[in-house]
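Visitor: I would like to go through this model and ask what stands behind the labels used for it.
Guide: Go ahead.

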Amino acid sequence: MTVETYKGVDGSSLSSTRCSQIVRVYEMLDDFGDGLITYVGIQELAESQKIFGSTAAKSAIRTFFPLLKKLDFVNYDGEFPANKCFTELGTQFVLVCRALENVSDDMKKKNEVVAKLTHIKHSIQKQGLINMYNNPAYKSHNMWLALKLLQRFRVIHWNEFLFLLHCKEVGKSTEEALDEISRLKDQIEEYEFINEKEEPLPNTCYSYIRSFLIEAGLIESLNSSISTVTEEADEFFHAIKL
């Protein structure tokens with residue numbers, strides 16, 4: 001089987017490293033104040049200040065800022081005041097990420113604090129995902145296919161996601177594809193998916209989506225290939241009409 005195209009993936013998720021970088025960008029723009037800046041200007045300023053240490057700031061920002069925009073965490077159209085780049089929801093996300101960074105090992109009730117902050121972070125990410133779903137520009141994002149698959153089966157092998165993409169490419173509806181996955185569920189995990197060069201598809205076809213859903217508290221990994229939905233996902237599925 002071959003998946004010829006794969007559209008709608010972001011080359012980033014919201015890992016702890018990314019969250020730390022997002023905090024650094026927010027602080028840089030906050031220091032810049034209400035001076036006008038552009039998206040390219042943010043990249044250049046971050047590069048000049050080496051806010052990520054040895055990591056190339058321009059490249060990193062180009063990697064994760066599009067995802068932040070989809071979630072309505074940032075707005076960087078045209079020229080704008082630097083300290084207005086992050087939206088109210090984006091600012092809330094930054095504050096909780098910064099709070100998690102500042103949790104120390106000797107803090108009283110550390111585990112309780114981390115659990116509470118993580119729950120808040122999950123809630124903000126899920127609201128961002130709802131914002132993204134409600135934006136017509138992102139209606140074709142493959143995130144929704146992954147979520148429909150998880151909502152239907154609750155435990156999935158990620159080969160089933162690749163099979164769903166294949167079914168969509170050959171003209172089947174999402175419901176037809178899900179029904180076929182149901183019939184073939186015991187077999188699909190043994191399939192090998194290849195590209196037009198007859199090479200195995202890399203897991204980057206789904207790894208960023210999977211990572212984002214883990215970081216949002218919606219799924220957990222049972223192993224490197226299988227994920228299951230969490231209790232938080234049930235509440236989320238009631239809030240969004242896939």
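**Sheet, core and one histidine**

Guide: This is a predicted model.

Visitor: What makes β4 and strand β5 a pair?
Guide: Two strands pair if there are at least two bridges between them. β4 and β5 (residues 226–229) have 3 bridges, in the antiparallel sense, so they meet the criterion.

Visitor: In what order do the 3 strands of the open sheet come?
Guide: The order is β3-β5-β4, with antiparallel pairing.

Visitor: Why do β3 and β4 stand at the edges?
Guide: β3 (155–157) and β4 (219–221) each have a single partner strand, so one side of each lacks a neighbour in the sheet. From one strand to the next, the twist averages 25 degrees.

Visitor: Which helix packs on the sheet?
Guide: Helix α7 (residues 158–169) does, touching β3, β4 and β5. The direction of α7 makes about 70 degrees with that of β3.

Visitor: Why is His157 called buried?
Guide: Buried means under 20% relative accessible area. His157 has 12% relative accessibility, so the label applies. His157 lies in strand β3, and its contacts beyond four places in sequence are Glu189, Ser225 and Ile226.

Visitor: Which residues touch the most other members of the largest nonpolar core?
Guide: Among the 79 residues of that core, they are Leu14, Val25, Ile42, Phe65, Phe86, Leu129 and Leu213. Helix α6 (residues 143–153) supplies the largest share, 8 residues.

Visitor: What does Leu129 touch, not counting residues up to four places away in sequence?
Guide: Its contacts there include Leu71, Met143, Trp144, Leu147 and Phe236.

Note on methods:
Residues are numbered from 1 along each chain as its sequence is written. This is a predicted model: local features need pLDDT of at least 70, side-chain atom pairs count only at pLDDT 80 or more; totals for chains, interfaces and linings use all residues. Side-chain values use heavy atoms; hydrogens and water are left out. Helices (H or I, at least four residues) and strands (E, at least two) are DSSP runs, numbered from the N terminus. Axes are lines fitted to C-alpha atoms, for helices over the stretch in contact, and angles run from 0 to 180 degrees between N-to-C directions. Contact means heavy atoms within 4.5 Å. A nonpolar core is a set of buried Ala, Val, Leu, Ile, Met, Phe, Trp, Tyr and Cys residues joined through side-chain atoms within 4.5 Å. Buried means under 20% relative accessible area, exposed over 50%, partly exposed in between (1.4 Å probe, protein chains only).
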